[in-house]
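Thanks for coming, everyone. Let me put the model up, and then I'll walk through it.

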2 protein chains.
Amino acid sequence: MDKHTLNVELGERRYPIEIGSGLLEGGYDLTPYTNGRDCLIVSNVTVAPLYLEKLQGCLPGIATRVVELPDGEAHKTIASATAILDELVGSRAGRDVTVIALGGGVVGDIAGFAAACYMRGVAFAQVPTTLLAQVDSSVGGKTGVNHPGGKNLIGAFHQPRVVLIDTDTLATLPDRELRAGIAEIIKYGAITDADFFAWLEDNVQALVARETDALTYAIRRSCEIKAAVVAEDEKEAGRRALLNFGHTFGHAIENSVGYGEWLHGEAVAAGMVMAAEMSAIDAADRHRLQALLSAAGLPVSAPLTRPGQLRDAMQLDKKAEAGKLRFVLLRALGDAYVTADYDSAGLDAVLGAAEKV
Amino acid sequence: MDKHTLNVELGERRYPIEIGSGLLEGGYDLTPYTNGRDCLIVSNVTVAPLYLEKLQGCLPGIATRVVELPDGEAHKTIASATAILDELVGSRAGRDVTVIALGGGVVGDIAGFAAACYMRGVAFAQVPTTLLAQVDSSVGGKTGVNHPGGKNLIGAFHQPRVVLIDTDTLATLPDRELRAGIAEIIKYGAITDADFFAWLEDNVQALVARETDALTYAIRRSCEIKAAVVAEDEKEAGRRALLNFGHTFGHAIENSVGYGEWLHGEAVAAGMVMAAEMSAIDAADRHRLQALLSAAGLPVSAPLTRPGQLRDAMQLDKKAEAGKLRFVLLRALGDAYVTADYDSAGLDAVLGAAEKV
């Protein structure tokens, strides 16, 4: 095991992110992060056959129970969270139970929400197995499920006790999902770190080719940026909203095409290009963002939708405050800001370009 | 309006409890506690016809929407919480929405849980209209719903912005529910305040007769005690558990007879007597507790159940930790403590007395 530890500094809820190769295979001991001897692993039908047994090897002396959800964003529902709660109640789990998510962002979000709601909050751990979950959704404590009317509308802030990132799990990740994860990595460079953005321009092919050193560095740097932002603003009162760069448009795309048609990272990629178009930045910077996303094999424009569809979807987006949308825009690559004071003609132009005529 | 203000001291989540007569009739201004101009009032079919219009008078300039739930503990379900979430999503409520609960503990718990889950937490206010909700459930931020397998197993800590207690609403409260509320008031005396307990012995008939001054003092003193305990231990890591005096047995009774057969306060009354029987206190103190509860017209023993039924129900109770039950016991009237180190023969005797032979 070769590993690196980062900490998310949240006072008494401080927790480590362990990043490395061979952590599951080597039986990294997770028991210091469990509350007692009762663990429920939540996974899905795709990931469990690959990694469940290895994860159980990280919980010596603990007889785990398992909930296997169906795979996919379509199942990120209250019904799935309820299935986990039913299992916890059915097995008479006490306040000392630990819920462990093994899988991608969907599994982590649902399992974390169930852990937040059971007895008003029990211990939770994240073992993310997709690149997107490793660099984004497993860190920071946002949990939740979708509502038919909108993504992530139902949820809770519930921080994990530990995030265990085994880069070996990326070996089994479908290519399209790997690229979707790279979209969020590019986001970190674009919003806060021009040097990291430049590093990504140099190394994007190594990432797509799954070179371990490049992936490990990109995951680590992404987690560092996210951990710092979350430590500063856990509940998104301010700075944390920067992490939503590309997401207002991205969620609208996901809502409009139906969950699961576009992967989250793909929608965010197109959304970042749209947000960059609304930003008063150099055309060269806009071009660099688009070129990097293209090099990662990601979409750089929204799908064609019926007139008004993206705008309607955005109104419901949870970043809307008192009817006014907020956007994360760029001053330059590596320098983002949040604003409700945007040029509406610019918004119209960006949305108009995505409309079927 | 004649009112008294208490504060629940929770740092940046500090909030007032306003107690008085004529607050709703007089149009007490709630708008300083709303985040924006969008409010959803959650009530039930019994309370809404009585007080909804008056509450709307406390929200000048705000066009409220309303969800009316069916009445009763049987409806304290995920389905009811989902109905509120559906209304929030359907009306495209933003992060600035304020959810206001108008009703008893069931309405407050469900509405608070929905407010906790919508967009990971939106503003919430409590307007409790039953004595039990006024002295207990509306204060302290515990929200949630029942699971078929146990009471309050699904929930969140979510503090209100304000608790508005209009003692006039007690005029329409059925007698049985008034008495159930008095059970929780007696609890506060029993666990922390021997003087208040003695005051209750002198004034219990005035409470049952709904004399305003007596009710107002009892509500105020109960809220003071609860607010102090919650401020010290918001998430029930320690001292807050004292508030569960009588509740381990009480929940077991409610689970065994089916929700709604016994009112919560009635089950807690019998549960307090059972907990007092397990406690190493003077027989005279035990007798005083029983006599006060009887004088309030409350049950002082559990219903007869099949052998093992109460014990099974207690195992699922959320106070169970690693298979070991914890009880709140008395050293004396006004002096309670939490322990997992209890005399199991004493527990057997208490449970055995409630079993059908």
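First, a cut-off: a residue is buried if 20 or more other C-beta atoms lie within 10 Å of its own, exposed if 12 or fewer, and partly exposed in between, with C-beta atoms placed from the backbone. By that count Arg120(B) is buried, with 23 C-beta neighbours inside 10 Å. Its phi is positive, near 60°, and it is not a glycine. Arg120(B) sits in the loop between α3 and β6 (123-128) of chain B. Helices (H or I, at least four residues) and strands (E, at least two) are DSSP runs, numbered from the N terminus.

Housekeeping next. This is a predicted model: local features need pLDDT of at least 70, side-chain atom pairs count only at pLDDT 80 or more, and totals for chains, interfaces and linings use all residues. Residues are numbered from 1 along each chain as its sequence is written, and chains are lettered from A and ligands numbered from 1 in the order in which they are written.

Now compare Arg92(B). Its phi is also positive, about 55°, and again this is not a glycine. Arg92(B) lies in the loop between α2 and β5 (98-103) of chain B. Arg92(B) is partly exposed, with 16 other C-beta atoms within 10 Å. For context, most residues other than glycine have a negative phi.

On to the interface. Contact means that two C-beta atoms, placed from the backbone, lie within 7 Å. 31 residues of chain B contact 31 residues of chain A. Elements giving two or more residues to chain B's side include α2 (78-90), α3 (105-117) and β8 (150-157). The largest share, six residues, comes from β8(B).

How does chain B lie on chain A? A turn of 180° and a shift of 0.0 Å along the axis give an RMSD of 0.0 Å, by least squares on C-alpha atoms of residues with pLDDT of at least 70 in both. That is the relation of a two-fold axis. And 100% of the interface residues of chain B are also interface residues in chain A, so the copies meet through the same surface.

Last stop, helix α10 (residues 283-295) of chain B. Asp285(B), Leu289(B), Leu292(B) and Leu293(B) are buried there. They cover an arc of only 100° around the axis, which puts them on the same side of α10(B); the arc is taken from the directions from helix axis to C-beta atoms. Exposed Ala283(B), Ala284(B) and His287(B) are on the face turned away from that buried side. After α10(B) comes Gly297(B), with a positive phi near 75°.
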